[in-house]
Amino acid sequence: MNDLDRLVRPNIAALTPYSTARDEYTGGLGTFLDANESPYDSGFNRYPDPHQKQLKTQIAALKGIDPQNLFLGNGSDEAIDLLFRVFCEPGRDEAVAITPSYGMYSVAAAINNVTLREVPLGPEFSLPTEALLAATAEPRCKLLFLCSPNNPTGNAFPRAELLQLAESFAGITVVDEAYIDFAAEPGLRDALPEHPRLVILQTLSKAWGMAGLRLGLAMADARIIRLMSMVKYPYNINEAALRTVSELLRRPIGEQVREILRERARVAAALPALPCVERVYPSDANFLLVRVTNADGVYEHLVRAGIIVRNRNRVCQCAGCLRLTIGLPAENDRLLTALADYAC
Ligand SMILES: Cc1ncc(COP(=O)(O)O)c(C=O)c1O
């Protein structure tokens, strides 16, 4: 039994996935009377490609990987849920995540009836490597969720520490790189060939500006990708998304990303001068975590000014903190002006 066979739920290993009408026909153009679709052209009367061959080829080329190492999901949230469904036996297996981090790891765990053990970050939001190794030592622990750059703390973890964890943990290490396009260092993609139990998540919702289209990526060993593809809904990416994403990927986003980075530096430099700001944490993402004198009060003040930020006051290790997304220069100016107006 190889590593992966030991980790996959037996019912998933034995699964015969749904075979779509078009899977059984491999020719080109034909008279399609197989899928009970409408024959009248609406632009969308045909089912989309369940294997997303064209978009996968396009994204794989962009990422410098083989399409067989790429899974496309309805947001990275779909990939997170699928990893639980592929690897964790409900009510029996467990997973580990850092805290504070992205909220969907614990929601997906709860939906799948999987116990998620959350390990607090170390000083200055550092990776608690030893505590994570201890928490994942249990054989029932199948998944480890790491997020780098981390949401909501904004910091990226050292590559060597992430890879050491992926190597030492006998289960599947998931590194969520949703914000990697804003980070100073590149992600772990090039390390995939030497780490067969590593899954990297990315998304088109952030730097690529396609949150409304819902397109998330998982990159991993081809066997993991095959398992996730077997379990997903056959048509998880709709035709409108397939076409629009393909089109929008052709536009360059480098200048937008550079402007967000310039604005992040400008806002981070301006904030400490404001009376309500106590601390601005370093960020490798498109947001800043900021500790203020009275998080709930500042949050309400901003809402009254028509500015919505994320209040993280009640999140572990983030007492007193707001998470501020970097917007357009004029939006950031509005935020700074409103914060300066807050009477401490
Ligand atoms: C760390 C992290 N991962 C994933 C997501 C969600 O990505 P998607 O829009 O692809 O579901 C977010 C969204 O805020 C996030 O912060």
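# Notebook: looking up residues, ligand and domains

I began with Thr 129, which counts as buried because its relative accessibility is 11%. By the cut-offs I used, buried means under 20% relative accessible area, exposed means over 50%, and partly exposed is in between (1.4 Å probe, protein chains only). The model is a predicted one, in which local features need pLDDT of at least 70 and side-chain atom pairs count only at pLDDT 80 or more, while totals for chains, interfaces and linings use all residues. Residues are numbered from 1 along each chain as its sequence is written, and side-chain values use heavy atoms, with hydrogens and water left out.

**Entry: Thr 129.** I placed Thr 129 in helix α6, residues 129-135. Helices (H or I, at least four residues) and strands (E, at least two) are DSSP runs, numbered from the N terminus. I then listed what Thr 129 is in contact with, leaving aside neighbours within four places in sequence: Glu 161, Gln 164 and Leu 165. Contact here means heavy atoms within 4.5 Å.

**Entry: Ser 246.** Is Ser 246 buried or exposed? Ser 246 has 7% relative accessibility and therefore counts as buried. I found Ser 246 in helix α9, which covers residues 239-248. The side chain of Ser 246 makes a polar contact with the side chain of Arg 250, at 2.9 Å. A polar contact is a pair of N or O atoms within 3.5 Å; within protein, one must be able to donate a hydrogen and the other to accept it, and residues adjacent in sequence count only if both atoms are side-chain atoms. With neighbours within four places in sequence set aside, Ser 246 is in contact with Gln 54, Leu 55, Gln 58 and Ala 241.

**Entry: the ligand.** How many residues surround the ligand? I noted 13, the closest being Ser 76, Asp 176, Tyr 179, Thr 203 and Ser 205. A residue is near a molecule or strand if one of its heavy atoms lies within 4 Å of it. The shell around the ligand divides into four nonpolar, five polar and four charged residues. In that division Ala, Val, Leu, Ile, Met, Phe, Trp, Tyr, Cys and Pro count as nonpolar, Asp, Glu, Lys and Arg as charged, and the others, Gly among them, as polar.

An N or O atom in the side chain of Tyr 179 is 2.7 Å from an oxygen atom of the ligand. For Arg 214, a polar side-chain atom lies 2.8 Å from a ligand oxygen atom. Asp 77 has a backbone N or O atom 3.3 Å from an oxygen atom of the ligand. The ligand taken alone exposes 400 Å², and the protein buries 91% of that. Accessible areas come from the Shrake-Rupley method with a 1.4 Å probe; for residues, only the protein chains shown count as cover.

**Entry: domains.** I read off domain 1 (3-248) and domain 2 (254-341) for the protein chain. The bounds come from an automatic or database domain assignment. The C-alpha centres of domain 1 and domain 2 lie 30 Å apart. Across the two, 21 residues of domain 1 are in contact with 20 residues of domain 2.

**Entry: two loop residues.** I found Ala 21 in the loop between α2 (10-13) and α3 (53-63). Ala 21 has 22% relative accessibility, so Ala 21 counts as partly exposed. Not counting residues up to four places away in sequence, Ala 21 touches Asp 34 and Ala 35.

Gly 327 is in the loop between β11 (321-325) and α12 (329-341). Gly 327 counts as partly exposed because its relative accessibility is 23%. I checked Gly 327 against Glu 263: they are 64 residues apart in sequence and 8.0 Å apart in space, C-alpha to C-alpha. Apart from neighbours within four places in sequence, Gly 327 is in contact with Glu 263 and Asn 332.

**Entry: backbone geometry.** Most residues other than glycine have a negative phi, and most peptide bonds are trans. I noted a cis peptide bond joining Ser 148 and Pro 149, with omega about -5°. The bond from Asn 151 to Pro 152 is also cis, and its omega is near 15°. Pro 149 is in the loop between β4 (141-147) and α7 (159-168), and Pro 152 lies in the loop between β4 and α7.

Asn 36 is not a glycine, and its phi is positive, near 55°. I found Asn 36 in the loop between α2 and α3, and its relative accessible area of 78% makes Asn 36 exposed. Glu 124 has a positive phi of about 55° and is not a glycine. Glu 124 lies in the loop between β3 (115-120) and α6 and counts as exposed at 58% relative accessibility.
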